[in-house]
Amino acid sequence: MKTRPQIADALFAVGLLAVGLPELFLEELPAGAGYDRFREPDVWNGLLVAAVTLSLTWRRRSPLQVLLFIVAGEMAMAVAGYPPSVADVAAFLVGVYSVAAHRGLAQSAVGGAVAFVYFLVYLVMVPVEASPLVVVTDCALVVGVWVLGRNLRLRRAYLAELEDRAARLERVRGSDARAARIEERSRIARELHDVVAHHVSVMTVQAGAARRIIDRDAGSAREAMSTIEEVGRTALSEMRRIVGVLRTDRDAEQEGRELAPQPGLGDLGALLDHVRETGLSVQLWIEGEARSPSPGVDVAAFRLIQEALTNTLKHAGPEARAWVRLYYGEDDLTVEVEDDGRGTSTFVGGDEGNPGHGLVGMYERVALYGGELKIGPRVGGGFGVRARFPLEA
């Protein structure tokens, strides 16, 4: 359990008093130099020292009031002729520090000025003979304690501002990530809409053909119905993926303008040729028995390769090389894109001004089809993206 600051200050004051009172009553004052003019410590002297020291309990809650109380108590002891003690001198310095460290510039300046003026008056009132060097040193000590407290306050304010700024940036980053997810889901929804619309169109054409030939060619009609069944199942599978994907009115308006067919792995050759034209050396390996994935996986795999290569072009350097590998397993398709560049950005494939959206998009696409995605630096340099998609919906 964390100790409350006021309890800690009270314990500090009691400890300081436990050291100061024995020193006040048990140690003898030095002979000469005016020390013999002080009164002998008595009960009233002890009570004043105790009151001044114990007031440090409230030094954080009311630092200016505590400092003024300490100054008043020490002034009373000086007027009465009591000698200074370790406890009340330390309490005075702690009071000066506290008002500088826990109050704004106005109050801390007032407290520092009052303490400095009191200290000069005290040096004049005490009967001890002090050299100019000692006076300058003692005044410098009071000023130094005030400056120390002020600097620590400014440092705490600076650190608090940094923490607040980091918290604001974290909130903004979270908002940007949510916006990126919504934007990417909208994009995926549009692509899936195109895929499903294509299948529905095929089903409509096949159904019309089957209706026309069912009387004269039953075999061809059955074949058309089988095609409708297969395409319908695929369309239903893709429709399930659309459910829950966020869409906006602006996306609906864009659908009317984005009527081009969605690319797939069949367009991978054209993509790699385009990338090679930019100067990046890219090689393609295909392992296993190539099979056609579901239309949604086909689009998602192509987009992932496109995003990864775009990231390589942006960040890997002019001399980099890239490799694209497709592994067709029994039940899944693994896509790997690697490069040997000098290092890629942490935010893979993000747009300028919107870093991280490409990375969010990759995770969204792969997760949508129940796949797995790993992104990170390669051993020996460069960067790699590895995704596994199930071939069956």
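Predicted model: local features only at pLDDT ≥ 70, side-chain atom pairs only at ≥ 80, totals over all residues.
Student: Is Gly288 buried or exposed?

Tutor: Its relative accessibility is 53%. The cut-off for exposed is over 50%, so Gly288 counts as exposed.

Student: How many residues apart in sequence are Gly288 and Tyr328, and how many Å apart in space?

Tutor: Along the sequence, Gly288 and Tyr328 are 40 residues apart. In space, C-alpha to C-alpha, the separation of Gly288 and Tyr328 is 4.7 Å.

Student: Let's turn to the rings. How many aromatic pairs does the structure hold?

Tutor: Good topic! The structure holds 3 aromatic pairs.

Student: Why is the pair of Phe92 and Phe119 stacked?

Tutor: The ring centres of Phe92 and Phe119 are 6.1 Å apart, and the planes stand at 10 degrees. Planes under 30 degrees apart count as stacked. The pair links distant parts of the chain, with Phe92 in helix α4 and Phe119 in helix α5, 27 residues apart. Because of the ring geometry, the pair of Phe92 and Phe119 is stacked.

Student: What about Tyr118 and Tyr122: which kind of aromatic pair do they form?

Tutor: Tyr118 and Tyr122 are 4 residues apart in helix α5, so about one helical turn separates them. Their rings are 5.9 Å centre to centre, with 40 degrees between the planes. The pair of Tyr118 and Tyr122 is tilted.

Student: Which residues do ring pairs link into a cluster?

Tutor: Phe92 and Phe119 are both buried, and Tyr118 and Tyr122 are buried too. Ring pairs link these residues into a cluster: Phe92, Tyr118, Phe119 and Tyr122.

Conventions. Residues numbered from 1 in each chain as written. Heavy atoms only, no water. Phe/Tyr/Trp six-rings, centres within 6.5 Å; stacked < 30°, edge-to-face > 60°. Helix = DSSP H or I, 4+ residues; strand = E, 2+ residues; numbered from the N terminus. Buried < 20%, exposed > 50% of the residue type's maximum accessible area, 1.4 Å probe, protein only.
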